[in-house]
Amino acid sequence: MLAWRVHRNGEPAEVMRLEETELPVPGAGQVRLRVRAANINFPDALLCRGQYQVRPPLPFTPGVEICGETEDGRRVIATPQLPHGGLAEYVVADEAALLPAPGTLDDAEAAALHIGYQTGWFALHRRAALKPGETLLVHAAAGGVGSAAVQLGKAAGATVIGVAGGRNKTAVAREMGCDVVIDRRTDDIVAAVKEATGGRGADVVYDPVGGDAYTASAKSVAFEGRIVVVGFASGTIPSPALNHALVKNYTIMGLHWGLYNSKDPSAVARCHEELTALAARGAIRPLISERAEMKGGADAVQRVADGATTGRVVVLPAGELR
């Protein structure tokens, strides 16, 4: 089969190689799936760089979420077992963790429904307890993770303020449903949030960026607000001033969605049911900005790593525009 493989750590475009390799062999409790679509995530770039919390042995294939097909023809969503990641024609995955692909979504959309939307749902509902009528501030609102949070926030009845960089990305954030859009390149985020909320600030902040975005979050959060830290796409991990959290009465919380797979897998299944229902009524739909052929896999991962994309870039191993 064809698979993108990493033999040494570095930038995706430099270290990913498209190769012929053996089919992965399922272990106990696993199944082999034909990959119908593989969604690119920022962790795929971190895997290539050797900076992710999981470090598979070299050589490995990146790709942490797919829409695949079982031997009996069922469409499923899966997180492949590394080192046999999703940027390949076949993967292996834990059978117990397979989720049905919603019939209302095509293969590319289904591949992009899992990690980003599960992260957003757990962050906004289980961690931050977002309520209808509250204000949600979403950083990187035009990206894959951010756009999912925007849609989930709107579905929950929140007023959503989206932060994005540049004319193209702010336009995408607006199209995704943001009530207010802030251009981080030209606007003062803190002043814009205060203006949009009558000086109160955001009740919930969704931050997959870190760095300067977190600094703005702490200055923009409301009394008894909640900042949910879900990642550090900026490359800078902030050091929160806890005295500031104390005097402003806000909460800083973290969300590592992957832990729920081992700590509370039934919650993951329940969340998928909720996401499937939201997709069925049109409340959420992954934004697929590009459907790339297999040969474009390394370039796709690099562009996601560089922050040059909007929504989701999905690789279709069979080369079909599904």
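Tutor: This is a predicted model. Start with the sheet. It is open and has six strands, in the order E10-E9-E8-E11-E12-E13, with parallel pairing. Strand E10 (180-183) and strand E13 (251-254) stand at the edges. Each has a single partner strand, so one side of each is left without a neighbour in the sheet. On average, neighbouring strands here are turned by 20° against each other, direction ignored.

Now one pairing in detail. Strand E8 (residues 135-138) pairs with strand E9 (residues 159-164) in the parallel sense, over four bridges. Within this pair, Leu 136 stands opposite Val 160 in E9. Helix H5 (residues 144-155) packs on the sheet and touches E8, E9 and E11. The direction of H5 makes about 170° with that of E8.

The side chains of Arg 126 and Asp 264 meet in a salt bridge, 3.3 Å from N to O. Arg 126 sits in helix H4, while Asp 264 is in the loop between helix H10 (258-263) and H11. The two are 138 residues apart, so the pair links distant parts of the chain. Arg 126 is partly exposed, with a relative accessible area of 41%. Asp 264 is buried, at 18%; the cut-off for buried is under 20%.

Step on to helix H11 (residues 265-280), which holds His 272. His 272 counts as buried, because its relative accessibility is 5%. Leave aside its neighbours within four places in sequence: His 272 then contacts Ile 77, Leu 99, Pro 100, Pro 102, Leu 113 and Gln 118.

Arg 75 forms a salt bridge with Asp 107, and their closest N and O atoms are 2.9 Å apart. Asp 107 is buried, with a relative accessible area of 3%. Arg 75 is partly exposed, at 23%.

By the rule used here, the model has 17 salt bridges. Another of them joins Glu 293 and Lys 295, with 3.8 Å between the closest N and O atoms. Glu 293 is partly exposed, at 42% relative accessibility. Lys 295 is exposed, with a relative accessible area of 65%. Shared partners also build a network: Arg 34, Arg 36, Glu 69, Arg 75 and Asp 107 are joined by salt bridges.

Glu 69 belongs to strand E4 (residues 65-69), and so does Glu 65. Glu 65 is buried yet has no salt bridge. Its nearest side chain of opposite charge, Arg 312, is 4.5 Å away. Glu 65 has polar partners instead. Its side chain makes a polar contact of 3.0 Å with that of Asn 41. The Glu 65 side chain also reaches the backbone nitrogen of Ile 115 at 2.8 Å. Beyond its neighbours within four places in sequence, the contacts of Glu 65 include Ala 38, Pro 80, Ala 111 and His 114.

How values were computed:
Residues numbered from 1 in each chain as written. Predicted model: local features only at pLDDT ≥ 70, side-chain atom pairs only at ≥ 80, totals over all residues. Heavy atoms only, no water. Buried < 20%, exposed > 50% of the residue type's maximum accessible area, 1.4 Å probe, protein only. Contact = heavy atoms within 4.5 Å. Pairing = 2+ DSSP bridges. Axes fitted to C-alpha atoms, helices over the stretch in contact; angles between N-to-C directions. Salt bridge = Lys/Arg side-chain N within 4 Å of Asp/Glu carboxyl O. Lys, Arg positive; Asp, Glu negative; His and termini not counted. Polar contact = N/O pair within 3.5 Å; in protein donor to acceptor, adjacent residues only side chain to side chain.
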